[in-house]
Amino acid sequence: MLDVYVNGKFIQMQLDTAADVSVVSEEVAKSIPIITVTPCDSTLIDYNSQKIQIQGLAKVDVSHKSKMYKGLPLTVVKGQRPSLFGLNWIGEIALEIDLDDYNVNKVQNIQPKESLSKLLEKHKTIFEGDQGTVKEVTASLLLKEGANPKFCPPRQIPFTSKPLVEQEIQRLVDNQFFEKVTYSDWGTPIVPVVKPDGSIRLCGDYKVTVNPQLQVAQHPLPKPEDMFATLGNSKFFSKIDLKQAFQQLTMTKESQEICTLCTHLGLFRPKRLPYGIASSPALWQLTMDKMFAELQGTFCFVDDILIAGKNDDEHLDILKSVLRIIEENGLKISKNKCEFAVPYVGYLGCIVDGSGIHKTTEKVKAIKEANMPDNVAELR
């Protein structure tokens, strides 16, 4: 950490030779006296190539080791971000900083960008394709003794949603996740759920058909407080999002029939563990726990995997193992929902960083925008 005075305000900043610009959050900027933040059309991207929202740019006077540097540019960003002493300031104050004193390789990101890039490139197949399939594991749903098949007719779908629903059904059929059938003793109406990106997730309203007659699988979901208690003094984090997690697990033929869905296009039998079945979370969590049981610093909660390391080397070693296990077991992940080698991460409604766990009243939102202007700087 560097101790600097910005317009006379003492601030501790992380020295980051991978960041093009020096940065503070809105909250820190508000504490700096006589600061004027003006709008700018620059763009920042973080280590994961995700866009960062900028509040504006300020010119500030910086004092370090009893020397004053006037009019240095400081970028103010929205949200919770560490204060970074970037390359644009290092260039001005280079003669005054002994980089070895600050252990530069361990301040902001786990390794030079090439190390992480090569690791992700090595396992690029886990990001490709529409859906993964867990190898050598097949889910089985068990009914209670005396259970009787129940068939419910399809429900009305809003006219505006029909094209999206039909498109999703066709996608699932084309990818052999759904099988069209003409007869079934079981039939569950679908419930279309609109996801944040505007696409449709097809769920079954199994509470009116299967769930009351199901022997619900019992495997405990980990408690967030138990997982967080084991983080220790971790400083580096990655978060991996498994693509449509439950549907990476195939089912037995008997279980497929139980889960048959009724739609306005006819009957469709899911071949993979569907959303809405009461046993799905436990069956999936059990599968994940078996895969990663022996791996330290790794925590699985349904479709999210958190990786934590006390230093850069430990974190990278754990991440290598996690990606290897994912690839070997046939899983797929959503790269645009992942974060790699960051100093803090949003997880289960909290912010996790090197100083501990910080509760938040709302879920942490990823900063993404569709269009990237040409004048893009990197904040890595």
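Which residues are buried in H8? In H8, the buried residues are Asp312, His315, Leu316, Ile318, Leu319, Ser321, Val322, Leu323, Ile325 and Ile326, where buried means under 20% relative accessible area, exposed over 50% and partly exposed in between (1.4 Å probe, protein chains only). The model is predicted, so local features need pLDDT of at least 70 and side-chain atom pairs count only at pLDDT 80 or more, while totals for chains, interfaces and linings use all residues. Residues are numbered from 1 along each chain as its sequence is written, and side-chain values use heavy atoms, with hydrogens and water left out.

**Helix H8**

- H8 has 17 residues and reaches 24 Å from its first C-alpha to its last; helices (H or I, at least four residues) and strands (E, at least two) are DSSP runs, numbered from the N terminus.
- That reach is close to the 24 Å expected at 1.5 Å a residue, the expected span being 1.5 Å times one less than the number of residues.
- At the start of H8, a side-chain oxygen of Asn311 comes to within 3.2 Å of the backbone nitrogen of Asp313. A polar contact is a pair of N or O atoms within 3.5 Å; within protein, one must be able to donate a hydrogen and the other to accept it, and residues adjacent in sequence count only if both atoms are side-chain atoms.
- Just after H8, Gly330 has a positive phi of about 80 degrees.

- Four strands make an open sheet in the order E17-E18-E13-E19, with antiparallel pairing; two strands pair if DSSP finds at least two bridges between them.
- Strand E17 (298–301) and strand E19 (339–342) are at the edges with a single partner strand each, so one side of each has no neighbour in the sheet.
- The twist from one strand to the next averages 10 degrees. Axes are lines fitted to C-alpha atoms, for helices over the stretch in contact, and angles run from 0 to 180 degrees between N-to-C directions.
- Strand E13 (residues 236–241) and strand E18 (residues 304–309) run antiparallel and are joined by six bridges, with Asp304 in E18 as the bridge partner of Asp241.
- Helix H8 (residues 312–328) lies across E13, E17, E18 and E19, at about 150 degrees to E18; contact means heavy atoms within 4.5 Å.
- Helix H7 (residues 280–292) lies across E17 and E18 and runs at about 170 degrees to E17.

**Nonpolar cores**

- The largest nonpolar core has 57 residues, of which Ile240, Trp284, Phe292, Ile305, Val322 and Ile326 touch the most other members. A nonpolar core is a set of buried Ala, Val, Leu, Ile, Met, Phe, Trp, Tyr and Cys residues joined through side-chain atoms within 4.5 Å.
- H8 gives the most to this core, with seven residues.
- Val322 is in contact with Ile240, Phe292, Leu295, Thr298, Ile305 and Ile307, leaving aside neighbours within four places in sequence.
- A second, separate core of 20 residues includes Val4, Ala29, Ile32 and Val60.

- Lys239 lies in strand E13 and is buried, with a relative accessible area of 15%.
- The side chain of Lys239 reaches the backbone oxygen of Gly346 at 2.8 Å.
- Not counting residues up to four places away in sequence, Lys239 touches Ile305, Cys338, Glu339, Val345, Gly346 and Tyr347.
- Strand E20 (residues 344–347) pairs with strand E21 (residues 350–353) in the antiparallel sense over four bridges, and Val345 stands opposite Val352 in E21.
- E20 and E21 form a hairpin with two residues between them, and Leu348 in the turn has a positive phi of about 55 degrees.

**The five-stranded sheet**

- Five strands make an open sheet of mixed pairing in the order E10-E16-E15-E11-E12.
- Strand E10 (178–181) and E12 stand at the edges, each with a single partner strand.
- Neighbouring strands of this sheet are turned by 45 degrees against each other on average, direction ignored.
- E10 pairs with strand E16 (residues 266–270) in the antiparallel sense over four bridges, and Glu179 stands opposite Arg269 in E16.
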